[in-house]
Amino acid sequence: MDEKIKNVLDRLSKSKFRSGFHLKDKDMLYIKDKGVDKIREHAYDFITNRLGSSNPKNDGKQTPMHGHPVFIAQHATATCCRGCLFKWHHIAKNKTLSQQEIDYIVRVIMLWINNQIKKHDKLI
């Protein structure tokens with residue numbers, strides 16, 4: 001894991017709001033059914049289409065709080081809107097996301113999801 005992601009996840013873990021997000025059993029079943037590669041594809045799709053433009057539609061309200069493991073991960077990792085991306089990840093607002101930025105965001109989301117899977121597996 002690169003140092004930037006490690007540092008941001010450490011800071012996020014200290015946020016009462018961000019650290020309150022966890023994947024539920026139904027999310028784990030969805031991931032198991034679809035597979036991690038498909039979840040990564042969904043993450044790329046959501047980030048590209050919901051956050052990728054310079055001024056996303058309904059910015060700050062475009063990411064649901066439930067309904068898909070990636071949505072939960074986005075809130076947990078502060079990758080849910082351009083404001084959070086700027087505050088936590090220093091990704092500038094009002095510009096189209098580069099492919100490098102999209103790749104970084106998806107890496108953060110997938111690392112969080114994989115950590116949730118590991119924690120869940122230890123409990124069963």
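Biologist: Of the 124 residues of the protein, what share counts as buried?

Modeller: A residue is buried if its relative accessible area is under 20%, exposed if over 50%, and partly exposed in between, with a 1.4 Å probe and protein chains only. Here 44% of the 124 residues count as buried. This is a predicted model, where local features need pLDDT of at least 70 and side-chain atom pairs count only at pLDDT 80 or more, while totals for chains, interfaces and linings use all residues. Residues are numbered from 1 along each chain as its sequence is written, and side-chain values use heavy atoms, with hydrogens and water left out.

Biologist: What is the secondary structure of the protein?

Modeller: Helices (H or I, at least four residues) and strands (E, at least two) are DSSP runs, numbered from the N terminus. The protein has six helices and zero strands, giving the pattern α-α-α-α-α-α along the sequence.

Biologist: What radius of gyration does the protein have, and what would a compact globule have?

Modeller: The radius is taken over C-alpha atoms, and the globule rule is 2.2 Å times the number of residues to the power 0.38. For 124 residues a compact globule would come out near 14 Å, and the protein agrees, at 14 Å. Its C-alpha trace spans about 45 × 30 × 25 Å along the principal axes. Contact means heavy atoms within 4.5 Å. Of the contacts with a separation of 6 or more, 66% are between residues 24 or more positions apart.

Biologist: How many disulfides does the structure hold?

Modeller: A disulfide is a covalent bond between the sulfur atoms of two cysteines. The test used is a pair of cysteine sulfur atoms within 2.5 Å. The structure holds zero disulfides.

Biologist: Where does the side chain of Gln 62 make a polar contact?

Modeller: A polar contact is a pair of N or O atoms within 3.5 Å; within protein, one must be able to donate a hydrogen and the other to accept it, and residues adjacent in sequence count only if both atoms are side-chain atoms. The Gln 62 side chain makes one with the side chain of Asp 59, at 2.9 Å. The Gln 62 side chain also reaches the backbone nitrogen of Gly 60 at 2.8 Å.

Biologist: How many aromatic pairs are there?

Modeller: Rings of Phe, Tyr and Trp (its six-membered ring) pair if their centres lie within 6.5 Å; planes under 30 degrees apart count as stacked, over 60 as edge-to-face and the rest as tilted. The count is two. Phe 17 and Phe 21 are edge-to-face, 5.1 Å centre to centre with 90° between the planes. Phe 17 is partly exposed at 46%, whereas Phe 21 is buried at 12%. Phe 46 and Phe 71 form a tilted pair, 4.7 Å centre to centre with 35° between the planes. This pair links distant parts of the chain, 25 residues apart, with Phe 46 in helix 3 and Phe 71 in helix 4. Both Phe 46 and Phe 71 are buried.
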